[in-house]
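This report covers selected side-chain pairings and one surface patch in a protein model. The sequence and structure are shown first.

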Amino acid sequence: MENTPKRGVPSKRPAYPTEHFVADAEETPVAATDSATTDDAPRSQWSEAWRNLRRQPLFILSGILILAVIFVALFPGIFTNEPPNENCLLINSGAGPAPGHPLGFTQQGCDVLSRVVYGTQSSLMVGMFATLGVLLIGGTIGAIAGFYGGWIDAILARLGDIFFALPLILGAIVVVQLPFFRENRSVWTLVVILVTFGWPQIARITRASVISVRNADFVTAARSLGVSRFSALLKHVIPNALAPVIVITTISLGTFIVAESTLSFLGIGLPPDVMSWGNDIFSAEPTVRTNPMPLFWPALALSLTVLSFIMLGDALRDALDPKARKR
């Protein structure tokens, strides 16, 4: 009872010594620790994307393959001195590799290497020009529909749905059987057919991207400063809505190369006298069981080209889309 503290009187607790350690100001230069460089301008979306792309092995590999294909298409004489449709001797029909003919001969006695090299031009031309036409037509329709909305969007969207309901290959097979296209088969007629049925996908992607950008603060600020709606669309909306369009366009290029080869393999694409990988695969198909090599080499060139554009599209998607970027 004696040790119980009285009410209202604070109890005495033992005091413990407290030590404080403070470093000298000379040992911790605050200016050097907290300094920040503010001279560098912030990177734009495209410069940041390029910085990320340079670090991706997928982009480097696909870029090397695509540059190699383009170089072969532009300068075929560097890789072969043999004309693709000349010096075709039946005595060499289906023969294997020989001096000056490392890939052997076709059933018509033509050099396989020469046909594969010169076939790069037609297949790549169809893919590139079809992609360019689809980008111009589909991108324009999608941008106008997404930005203006209302009845313009309703009409253009329904028009796109009509064409989107027709499969690309099936629609091309039907149109190419028309008398005009059947009698005038060439690279350009095939490009027109592919563009006719290929633009709705680009239009949909562009429309969705423009809709997500058109109400942004910088667009509203430009409109408040007196910029017309069309100028705002060209200068502010489209440049900031291009990222997903570029990705899908890159992948579509490979799709159109496959479409040309498919139509040529069916015998309704490019005429037989035009060098293309699809025509070579079509010509080698009857002897694939006994002599598969004339079919293997154009199929390999086709597969590597399409794969390179698909890999490039994946790399661009990871660099341009922050949500899909790999961490």
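R115 is buried, with a relative accessible area of 10% (buried means under 20% relative accessible area, exposed over 50%, and partly exposed in between, with a 1.4 Å probe and protein chains only). The model is predicted: local features need pLDDT of at least 70, side-chain atom pairs count only at pLDDT 80 or more, and totals for chains, interfaces and linings use all residues. Residues are numbered from 1 along each chain as its sequence is written, and side-chain values use heavy atoms, with hydrogens and water left out.

R115 belongs to helix α4, residues 112-148 (helices are DSSP runs of H or I with at least four residues, numbered from the N terminus). Apart from neighbours within four places in sequence, R115 is in contact with P84, N85, T106, C110, M275 and D280 (contact means heavy atoms within 4.5 Å). T106 sits in the loop between α3 (57-74) and α4, and at 11% relative accessibility T106 counts as buried.

## Salt bridges

Side chains of opposite charge can pair when their charged atoms come close. The whole structure holds five salt bridges (a side-chain nitrogen of Lys or Arg within 4 Å of a carboxyl oxygen of Asp or Glu). In one of them, the side chains of D280 and R115 meet at 2.8 Å, N to O. D280 lies in helix α12 (residues 277-284) and R115 in helix α4, so the pair ties together parts that are 165 residues apart in sequence. D280 and R115 are both buried.

R158, D161 and R204 are linked in a network of salt bridges. The side chains of R158 and D161 meet at 3.0 Å, N to O; these two residues are three apart in helix α5 (residues 150-164), about one helical turn. D161 also forms a salt bridge with R204, with the closest N and O atoms 2.8 Å apart. That pair links distant parts of the chain, D161 in helix α5 and R204 in helix α8 (residues 187-213), 43 residues apart. R158 is partly exposed at 49% relative accessibility, D161 at 28% and R204 at 45%.

## Nonpolar surface patch

M125, M128, F129, L132, L136, I137 and W188 make a nonpolar surface patch of about 640 Å². Patches are made of residues with over 30% relative accessible area and no salt bridge; nonpolar side chains (Val, Leu, Ile, Met, Phe, Trp, Tyr) are joined within 5 Å, like charges within 9 Å. Helix α4 gives the largest share, six residues. M125, found in α4, counts as partly exposed at 31% relative accessibility.

Conventions:
Areas by Shrake-Rupley, 256 points an atom, 1.4 Å probe, with all protein chains shown as cover.
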